[in-house]
Amino acid sequence: MELYELTKMFPKDIDGGIIESPAARQYFTGFNADSGYLIVSKNGNVFLTDSRYIEAAQAQVDCCDVVLLTDAKTQIPKYLKKFNCSSVAIEARHVTVSGLRDYSKMFKADDFKAVFDNRFDKFIRYLRCAKREEEIKHIKAAQAIAQAAYDNAVRYIKPGMTEREVALALDFHMLRNGAEKVSFDTIVVSGKKTSLPHGVPSDKKIEFGDFVTMDFGAVVNGYHSDMTRTIAIGEASDEMAEIYSIVLEAQTAAIEKAAAGVVAKDVDAAARSVIEQAGYGKYFGHSTGHGVGVEIHEDPSISSVNEYVLCEGNVITAEPGIYIPDKFGVRIEDMLLITADGCENLTSTPKELTVINN
Ligand SMILES: [Mn+2]
């Protein structure tokens, strides 16, 4: 179905395309493999993958024929001819310089015209933006696993534990409970280190009075989840509580804004204006959110410049933050499913300032 949607988007000067990026291959075939080529055209599609994956791919992939990849140089032109393609699009954003050289040789011999002007990538990214029911199911399952790991973590985090210990505990809980892997290297930072939006967990011990920021996710059937919570250990100063409430208000504004028909940059503006009006604009450097799916960061970006109009089925994050160097930072992140009249928050973990005393 998605392959049909893709080839329907081909303009007159594109007859076929070769998909080789892992994320796009996974998206269209539902199959996760390290290597392979998905050849798409209006006249037929085929998935070529090597002997490591062929048995599983033949059992799982039902969108097209699955053929054993033995020699790309001869097999790719063979199928392009079979499907009557003369101009062939490649994924410009993913093909390497040496890959392009290989394609050029391959195409020259058979007089195919290569199209590598980004349009093919754009079509694929556009399709991936709006999730199907099945994709949403996987994302929800991944999110449920991440939330359970968080619920578990807040029961035992206490002064004296290191950031790495907390990160490992989150990872272990997710993997133990059905995650095929974690979405990205789990972020756990504490105290002054919370001012680093993507800080790395270290052997720093968590102390009484610290903020702890945890940003993590699980992967289920190739689909990612993403959430962030910032909690206080033992007590929160008035300033910590103040900054936390501004970030929460900004995030709430973004969530209230998010709906089909709304421009992505307006969702960013909803969050950003709250933080700017509170006087902390310069401490919020990143975008408000991003799409999530077969990749942890994908379209649509919820940035101050993205003119993309949200549609039903988009899954995006809302994750504003305030990061004050050498002091502390706060980020709160939920995943949202865009609906006709608003959004469904896929993250149900509470967000009021949590002060834990374990
Ligand atoms: Mn995120």
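Mentor: Two strands pair if DSSP finds at least two bridges between them. The strands themselves are DSSP runs of E with at least two residues, helices are runs of H or I with at least four, and both are numbered from the N terminus.

Trainee: What makes β10 and β11 a pair, then?

Mentor: Two bridges join β10 (residues 218–220) to β11, and the cut-off is at least two, so they count as paired. They run antiparallel, and V219 has H224 in β11 as its bridge partner.

Before we go on: this is a predicted model, with local features needing pLDDT of at least 70 and side-chain atom pairs counting only at pLDDT 80 or more, while totals for chains, interfaces and linings use all residues. Residues are numbered from 1 along each chain as its sequence is written, and side-chain values use heavy atoms, with hydrogens and water left out.

Trainee: Which strands make up that open sheet, and in what order?

Mentor: Three strands, β7-β10-β11, with antiparallel pairing. β7 (181–182) and β11 (223–224) are at the edges with a single partner strand each, so one side of each has no neighbour in the sheet. Helix α7 (residues 133–153) lies across β10 and β11, at about 145° to β10. Such angles run from 0 to 180 degrees between N-to-C directions, with axes fitted to C-alpha atoms, for helices over the stretch in contact (heavy atoms within 4.5 Å).

Trainee: Why is β12 called mostly covered?

Mentor: Buried means under 20% relative accessible area, exposed over 50%, and partly exposed in between, with a 1.4 Å probe and protein chains only. In β12 (residues 227–233), seven of seven residues are buried. M227, R229, I231 and I233 point one way, T228, T230 and A232 the other.

Trainee: How do you know which strands β12 pairs with?

Mentor: Count bridges. With β9 (residues 211–216) there are six, in the antiparallel sense, M214 being partnered by R229. With β20 (residues 355–356) there are two, in the parallel sense, and A232 is partnered by V355.

Trainee: What makes D226, H290, E319 and E333 donors of the manganese ion?

Mentor: Donors are N, O and S atoms within 2.8 Å of the metal (3.2 Å for Na, K and Ca), and since water is not among the atoms, sites may look incomplete. Here D226 (OD), H290 (NE2), E319 (OE) and E333 (OE) sit at 2.0 to 2.3 Å, so they qualify under the 2.8 Å limit. Their spacing along the chain is D-x63-H-x28-E-x13-E. D226 lies in the loop between β11 and β12, and E319 in the loop between β15 (315–318) and β16 (321–324), so this pair ties together parts 93 residues apart in sequence. D226 and E319 are both buried.

Trainee: How do you know whether Q75 is buried or exposed?

Mentor: Its relative accessible area is 10%, which is under 20%, so Q75 is buried. Q75 is in helix α4, and among the residues it touches beyond four places in sequence are L48 and V67.

Trainee: Where does α4 lie?

Mentor: Across β1, β2, β3, β4 and β5, at about 15° to β2. Those strands belong to an open sheet of six, ordered β4-β3-β2-β1-β5-β6, with mixed pairing. β4 and β6 (113–115) are the edges, each with a single partner strand, so one side of each lacks a neighbour in the sheet. α5 lies across β1, β2, β5 and β6, at about 170° to β5.

Trainee: Why is V115 called buried?

Mentor: Because its relative accessible area is 4%, below the 20% cut-off. V115 sits in β6 and contacts residues including D13, I14 and V88. V88 is 27 residues from V115 in sequence, yet 5.7 Å from it C-alpha to C-alpha.
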